Amino acid sequence: MRFETAFGPGYTLCICRLDQGDKVVAESGAMVTQDAHIRMETSASAGKGIGGMLKGLGRKMFLGESFFRNTFHAETGPGEVTFAPKLPGDIMVYEMRGQDMIVQQTSYLAAAPTVEIETKWGGFKSFFGEGRMFWIRAFGTGPLALNAFGAIKEIQVDGYFTIDTGHIVAFEPTLSFSIKRVGSWFSTFFSSEGLVCRFAGSGKLFIQTRNPNEFGTLIGSKLPPRNG
Amino acid sequence: MQQTIEFGPAYAMATIDLAAGEDVTVEAGSMVGMSDGLQVKTHIGGNRVGFFGAILNFLGALVKKFLGGETFFVNTYKPPEGQPGRVLVAPALAGDIIHYALDGTRSLMVQASSFLASAGGVTVKTKFGGLKSLFSGQGAFWLIVSGAGDLWVNCYGAIEQVDVQEKYIVDTGHIVGFEDTLDYQIKGAGGLKQTLLSGEGLTCHFSGQGKLYIQTRTVGGLVGWITPRLQG
């Protein structure tokens, strides 16, 4: 299985080339093309069976969280399937080698089925940031494709570095972190900076050069009010 | 101060490295990341000093907020005593960033929503663009940026630098900034009928010599495109 990207950083497409028998899992709604050898299977990411599906449906209804991930199976021969996120921006492919990665949920695009996803990761329980943010823990082995709003910059943290929560794509959990205000309470209230995440230790951090919520707020404030 | 701009023109981000004792002032909400221990001070944009100056700044900010929709506050980031620091900044919209070094001999007029950051001995004053500018599709305010130091401006889309030699006409929504050696006059695209029907809105007529920066897209254009397509 090979993951490639094209047309980045503005309008990146993720191209997955599968050998016969390979599978790739992707965020629901992300599929752009699939060839004749690929068959799609849908599964709920909230857990197995009917219970998992209901739980997933509940989350979708109440939290607006998408819970379905689809599996694309190159059943009858080698095949190609492509994926794209909703917003313009770059896609990075990260090779998982048994370590963990903490991913901002909307950045998850696709992965090998050997990359497991834990959606109930509790590390960020109090981490609501601007708007609603969910975090997932990826672990296992194989390629993991993450999408961003804007370009992606890799930052090697050695010591401390602080990032606006809306700009975080993913980070290696060798980094510890704490959620902070920017400056004083006065600053938090008036600075428009919201919450920031102060990372400590040694590890890689991936950030996106645009903040989806900030963009939404800016455009939203110029659009006519929604009726009802 | 050292700076680099990456990921332009679509998704530019500026990395600003401060030496000990330096600081940078950033438009509220535009800080992406920073090194450890920076002191952050939030204040109202504007440079008037003293008690009455502060009141004038505040009133100016209020007027700006309600008429122009621009941000009220800026944040100043300063590294800890005797240490360097790093600040990453990016605007909300897709587009480029340019760094402009002011040498103290000329000032720059900047569309208020294009201000991203400033450092060194740069002063920023607000100027109301006149009633016409309220209909220009951009903010109603201009910033007069002067002094010697660094200025970062952001734009929606790519940025083009024009060396105006004599006369030049630009749609007001596409102006990012221009040197004050240029004279300008805001006009309708023609007569009243043409202004209303041509879809060209207001234009800015420049004369003289100086640099002019224009953006290849406008926020007003984007909003105007989306609005009629929204479901009621």
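Visitor: Which strand of chain B is joined to E13(A), and how many bridges join them?

Guide: Good place to start, and keep in mind that this is a predicted model. As a general idea, strands of a sheet pair through backbone hydrogen bonds, either parallel or antiparallel. Here, E13(A) is joined by three bridges to strand E4 of chain B, residues 31–35, and the two run antiparallel. To find one of the pairs, look at A:Thr162, whose bridge partner in E4(B) is B:Met34.

Visitor: How many residues of the two chains are in contact?

Guide: On chain A there are 34, in contact with 28 residues of chain B. Strand E13 (152–164), helix H2 (185–190) and helix H3 (212–220) of chain A each supply at least two residues of the side that touches chain B. E13(A) gives the most, with seven residues.

Visitor: What kinds of residues make up the side of chain A that touches chain B?

Guide: That side divides into 15 nonpolar, 13 polar and six charged residues.

Visitor: Now to a sheet within chain B. In what order do the strands of its three-stranded open sheet come, and which are the edge strands?

Guide: The order is E13-E16-E15, with antiparallel pairing. The edge strands of chain B are E13 (167–171) and E15 (182–188), each pairing on one side only. Neighbouring strands of this sheet are turned by 25 degrees against each other on average, direction ignored.

Visitor: How many bridges join E13(B) to E16(B)?

Guide: Five bridges join E13(B) to E16(B), residues 202–208. One pair to look for is B:Asp171 with its bridge partner in E16(B), B:Thr203.

Conventions
Residues numbered from 1 in each chain as written. Chains lettered and ligands numbered in written order. Predicted model: local features only at pLDDT ≥ 70, side-chain atom pairs only at ≥ 80, totals over all residues. Contact = placed C-beta atoms within 7 Å. Helix = DSSP H or I, 4+ residues; strand = E, 2+ residues; numbered from the N terminus. Nonpolar A, V, L, I, M, F, W, Y, C, P; charged D, E, K, R; others polar. Pairing = 2+ DSSP bridges. Axes fitted to C-alpha atoms, helices over the stretch in contact; angles between N-to-C directions.
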